[in-house]
Amino acid sequence: MVKQELRILYSEKRMLLSTVDKNRMDDLMLIQFQQMDMEIPSLIMTFAPFESRNEFNTQLVTDYCYFKNPGQLLFYPVIDAGGETMHAMAVNDETVFEKNKYGIEEPVEGMELFPEEIDMVLVPLLAFDKRGYRVGYGKGHYDKFLKECRDDVVKVGFSYFDPVDKIADTNRYDVRLDYCITPGDIYRF
C-alpha cells in the first residue's frame, strides 16, 4: 500500500478503538518500552498527542523516563510560522502550550535545542512497515528534522497495530525508525 492509503486506513482503525482499549494498549506499550535494554538519555524530544485522533499518550513514557533519569530535559516540536520547518523547544512544569495551525499543542516559549544535540526522539506515526519506515500525517516535518539529528539519535515510534509488510512509496527523504513499540512487541530496525 502507498502512504495515502495507509494514512486513511490506519486513521480509521485508530478511531475505532474504544477508550478502554486505547488506555489498555497505552499501558502495554509503556511496559514494552520499560523492557527495552537502554539507558534513558538526557535530552528527549517528545510530542503532544492528538487526543481527538486517538494518538498514543506519550506522557506515560516521558514520566517513566523522568523517573529513571531525573536529570533529563524534555523538548517538544514547534513548527515555524510558515509551516516549513520544525525545531525543538525545552519544556518544564510551567510551560504554556497553545495549538498551532494544525491543531497541535506547542510550547509558547522556551530554550531551543539544535537537532544534533538530541539523544532520543519519540516520533508520531499512523502506520509503519517491517523495514522501519513510517507513515505520518504527510507534511514531512519529522523526516526533515530527523535528517538534521546525529546518526546515533534513537528514533522510537509507538503503534497500536503491527507493521505492514512494506510501504510502497518510501523515498530518499524518509527516515527509518530505530524502534517501533506495539502492545505486543518491540520492533528493532
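## Strands, a helix and a core

Guide: Start with a pair: Gly157 has Cys180 in strand 11 as its bridge partner. The model is predicted, so local features need pLDDT of at least 70 and side-chain atom pairs need 80 or more, while totals for chains, interfaces and linings use all residues. Numbering starts from 1 along each chain as its sequence is written, and side-chain values use heavy atoms, without hydrogens and water.

Visitor: What joins strand 10 to strand 11?

Guide: 3 bridges, and the two strands run parallel. Two strands count as paired if DSSP finds at least two bridges between them. With 3 bridges, strand 10 and strand 11 pass. Strand 7 and strand 10 pass as well, with 4 bridges in the parallel sense. There, Leu122 stands opposite Val156.

Visitor: Why is strand 10 called largely enclosed?

Guide: Because 4 of its 5 residues are buried. Buried means under 20% relative accessible area, exposed over 50%, and partly exposed in between, using a 1.4 Å probe and protein chains only.

Visitor: How many residues of strand 3 are buried?

Guide: 6 of the 6, so strand 3 is largely enclosed by the rest of the structure. Both faces are covered. One side has Met86, Ala88 and Ala90. The other has His87, Met89 and Val91.

Visitor: Which strands pair with strand 3?

Guide: Among them is strand 2 (residues 73-79), antiparallel over 6 bridges. Val78 stands opposite His87 here. In the hairpin of these two strands, 6 residues lie between them, and Gly83 takes a positive phi near 80 degrees. Strand 6 (residues 112-113) is also joined to strand 3, by 2 antiparallel bridges. Ala88 has Leu113 as its partner there.

Visitor: What makes residues 19-35 helix 2?

Guide: A helix is a DSSP run of H or I with at least four residues, a strand is a run of E with at least two, and both are numbered from the N terminus. Helix 2 has 17 residues. From first C-alpha to last, helix 2 reaches 24 Å, close to the 24 Å expected. The expected span is 1.5 Å times one less than the number of residues.

Visitor: Which residues of helix 2 are buried?

Guide: Lys22, Met25, Asp26, Met29, Leu30, Gln32 and Phe33. They cover an arc of only 160 degrees around the axis, which puts them on the same side of helix 2. That arc is taken from the directions from the axis to the C-beta atoms. Exposed Val20 and Gln35 sit on the face turned away.

Visitor: Why is Lys22 called buried?

Guide: Its relative accessible area is 11%, so it falls under the buried limit. Lys22 touches Asn54, Glu55, Phe56, Asn57 and Tyr160, not counting residues up to four places away in sequence. Contact means heavy atoms within 4.5 Å.

Visitor: Which residues touch the most other members of the largest nonpolar core?

Guide: Phe33, Met45 and Phe158, out of 55 residues. Such a core is a set of buried Ala, Val, Leu, Ile, Met, Phe, Trp, Tyr and Cys residues joined through side-chain atoms within 4.5 Å. Beyond four places in sequence, the contacts of Phe33 include Val61, Cys65 and Phe158.

Visitor: How many disulfides does the structure hold?

Guide: 0. A disulfide needs two cysteine sulfur atoms within 2.5 Å. For Cys65, the nearest cysteine sulfur, that of Cys180, is 16 Å away. The sulfur of Cys149 is 16 Å from its closest, in Cys65, so it is too far for a bond. Cys65 is buried at 1% relative accessibility, and Cys149 is buried at 7%.
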